[in-house]
Amino acid sequence: MEDGFSSYNSLYDTSSLLQFCNDDSASAASSMEVTDRIASLEQRVQMQEDEIQLLKSALADVVRRLNASEEQQAVVSRRGPTKDPTLMRKSSSAGSNVGKSARPMIATLPLRPTVNNGTILPKKGSGTLPSPSGSGSKRDNTTPASKRILHLPLSTVRRANSNEHVGTLTRRDSGDSKGNRTRTGSTGSSSSGKRNDSKQREPVFSAGMRRVTHCKEEGYVKMFLKGRPVTMFMPKAQVDSYCLEARAELPSSKLKLDWVYGYRGRDCRSNLYLLPTGETVYFIASVVVLFNVDEQLQRHYTGHTDDIKCLAVHPDKITIATGQVAGTSSDGKQLAPHVRVWDSVSLNTLHVLGTNFFDRALVCLAFSKSNGGNTLCAVDDSNDHVLSVWEWQREDRLAEVKCSNESVFATDFHPTDSNIIVTCGKSHLYFWTLEKSTLVKKQGLFEKQEKPKFVLCVTFAENGDTITGDSSGNILVWGKGTNRISHAIQGAHEGSIFALSMLRNGTLVSGGKDRRLVSWDSSYQQIQMAEVPELFGPIRTIAEGRGETVLIGTTKNFVLQGSLDGEFVHITQGHTDELWGLAVHPWKPHFITCGYDRQVCLWDSGSHQLIWTKSMEDAVQSAGFHPSGSVVAIGTQTGRWLVLDTDSKDLVAVHTDGNEQLSVISYGPDGNFLAIGSHDNYIYIYAVAENGRKYSRVGKCSGHSSFITHLDWSTDSQYLVSNSGDYEILYWIPSVCKQVVSVETTRDIEWATNTCPLGFQVFGLWPDGSDGTDINAVCRTNDKNVMVTGDDFGKVHLFAYPCSQFRAPSHVYGGHSSHVTNVSFLFDDSYLVSTGGKDMSVMQWRIV
């Protein structure tokens, strides 16, 4: 061993490093110039990093040799004395390598101690899988500490007789894209180089952080995610015919957005309007929805690439402008915030404004009214909340000005003078006049009136007066052309006034935090008052509907249709916090969604209606239907799980396993077992009786060294496969909670579902440069023709199934503006349902 380390010492003279460590010339007391001291320190740091890398290499080489030695001992003990000259030569060669310089290991080492599938594979026919987690699981206490700490990819840890080799495609190792300072003298010894060259080579594909290798002899594919190896065995029938270099085809099917559930009212204003076509227009995520309530039809404008935050309708009631936030594409490129002006009839984009001008996001938009709507004003979310005015048809910016350092909530043009703009927000109300290319500001004077903390909304009276609602519950009227208050309605509401709307007949309607909808006549005398039920939440925005009806958007993401008399019917509703749980009914066109808002919702995909909703005590993470469809299991973030009756939503059972979130909950196809994957690294197994109404704990599957992410059952309900946060794939017999380690047993199992993103049939879905967390959900159709994924970039990908070729192509669909947390096909494969995380949307896609 000392000889081995001496080989490294010969490559690097540590005396120079010691000299630097003892040198005080770079200290503050030194007479050297600052720049020289900095350069000296940088050189010192560089040399120290080189020394650390060298020590890593030495340690890795020791571990490699220990592994090789242990494996050879295992082979000898299994087979007895052998006279195989090849094995003897390789054993001799391995022994002769001690004391020679080791192969470069730095690039393939994880940055911190990890546990994964990076173990030496057994010989073909030995009938065992690689030990889970590099033998670092909780159930194995006999593994040397060195194996538990370091897990080396197959490119470095090689066993005798392996057929897996570096192919003709030259590449850098998967982890050396940054700062690989390995010295040339530390590459592999001459004997190891000959050993590699003497074997038949198999292809190795590289893709940023990902590398895929194929071992034909053992019949597996190995993929590296973030430098960690994931071994996936193929079915026996494919071992001889499989080729890693074969090209995968696009699926023949495509997706079309059919329905969007939800509305963004919680943190957006003035985003609800009725068009002359009878369609109600609003937005959620990166989709603008045009909903015809009478015909129960939706159309969608999908030109945006990230969250939409504001919307304005042109006086012609056809042209619409919408503004979005800045975003990041899947390849890491920044997506600029911008305004899109589009036609609501054809859904064609007419103009894109301010791609290189706006900062962070758009918060307010408004078209002018008196000059035919030729100008558009916008406020962005920069520190200065810049107000800009555009001649949108020419995409020409007429003027810009710093509006306020505080939040801006609303902006609008004066109805009779297109050169006057009003903005309001935290601690301010400004009247702007456009003079040539300059915006001149006049501040609203509250004088004797107590200045509110927030001015939240603005509209205009028929005579040109400006009307504002504020956080003190007051409605203030500002005389036309002045910045002074001409009338005040004190205490018009209890608490903040979020919305004001002037109806065609001159009636002013106000709504706010107190959930009251109040109408006022032209003299600002109250006409009538109605209260929105608490279920729907405070009023966020008000729009005039057909006849005497009004449309109301609430902070709980409901869209209501009703009258000033107080009768309200919800026409759209959605979740109010991050969504994760999704489950489809086994034989009805129904599905369940649940999330951090503690709401469990059962939807009908045919009528697009909510069947029922139930409030939970805890934030909800997962859901799964019993095969009979009579009950559904709900997993929470606290370790509690509940079973609800699907028809009555009554509680059937409550259990607790651990105190961490339950990421996945799934019944076996025969309905006799329930598997619950937890963030405490265990899979809890329950026996199920009486059609899902009685549960008794069988035990827990212990072996994973990270949290459980996904589960799949075999079609006969005898086996379970699980994925974990550190990219492990483990197999189980759930009835006895035992792990299956036999390759021959597991490689040909037929799985009832394919929700695990790690496995031979699905590994082609991983994108180039993936860090292993980019794919949140996977689902395969019941006819096994296509599969779909939801990723961290708001995209839904449709692949052909099986997806077992590297860099498999896919159809890509946008709509979500946050990570897509779950995807699932309905029981008859007619529709796909996807859930967004922080965008809180549920989208239903038709397969065409």
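Analyst: Contact means that heavy atoms lie within 4.5 Å. By that rule, 51% of the contacts in the protein with a separation of 6 or more are between residues 24 or more positions apart. The model is predicted, with local features needing pLDDT of at least 70, side-chain atom pairs counting only at pLDDT 80 or more, and totals for chains, interfaces and linings using all residues. Residues are numbered from 1 along each chain as its sequence is written, and side-chain values use heavy atoms, leaving out hydrogens and water.

User: What is the average pLDDT of the protein?

Analyst: pLDDT is the predictor's confidence in each residue, from 0 to 100. The protein averages 83, and 80% of the residues score at least 70. Over residues 80-201 the pLDDT is below 50, and this stretch has 241 contacts beyond near neighbours in sequence in the model.

User: Why is cysteine 424 called buried?

Analyst: Buried means under 20% relative accessible area, exposed over 50%, and partly exposed in between, with a 1.4 Å probe and protein chains only. Cysteine 424 has 0% relative accessibility, so this residue counts as buried. Cysteine 364, at 3%, is buried too. In the protein, 57% of the 848 residues are buried.

User: How many disulfides are there by the rule used here?

Analyst: A disulfide is a pair of cysteine sulfur atoms within 2.5 Å. The count by this rule is 0. For cysteine 364, the closest cysteine sulfur belongs to cysteine 310 and is 6.7 Å away, so the two are too far apart for a bond. For cysteine 424 the closest is in cysteine 457, at 6.8 Å, which is again too far for a bond.

User: What makes β28 and β31 edge strands?

Analyst: Strands are DSSP runs of E with at least two residues, helices are runs of H or I with at least four, and both are numbered from the N terminus. Two strands pair if DSSP finds at least two bridges between them. β28, β29, β30 and β31 form an open sheet of 4 strands in that order, with antiparallel pairing. Within this sheet, β28 (497-502) and β31 (526-531) each pair on one side only, and they are the edge strands.

User: How do you know that strand β30 pairs with β31?

Analyst: 5 bridges join β30 (residues 516-520) to β31, and the two run antiparallel. Pairing asks for at least two bridges, so β30 and β31 qualify. Leucine 517, for instance, has alanine 530 of β31 as its bridge partner.

User: How many helices and strands does the protein have?

Analyst: The protein has 8 helices and 58 strands.
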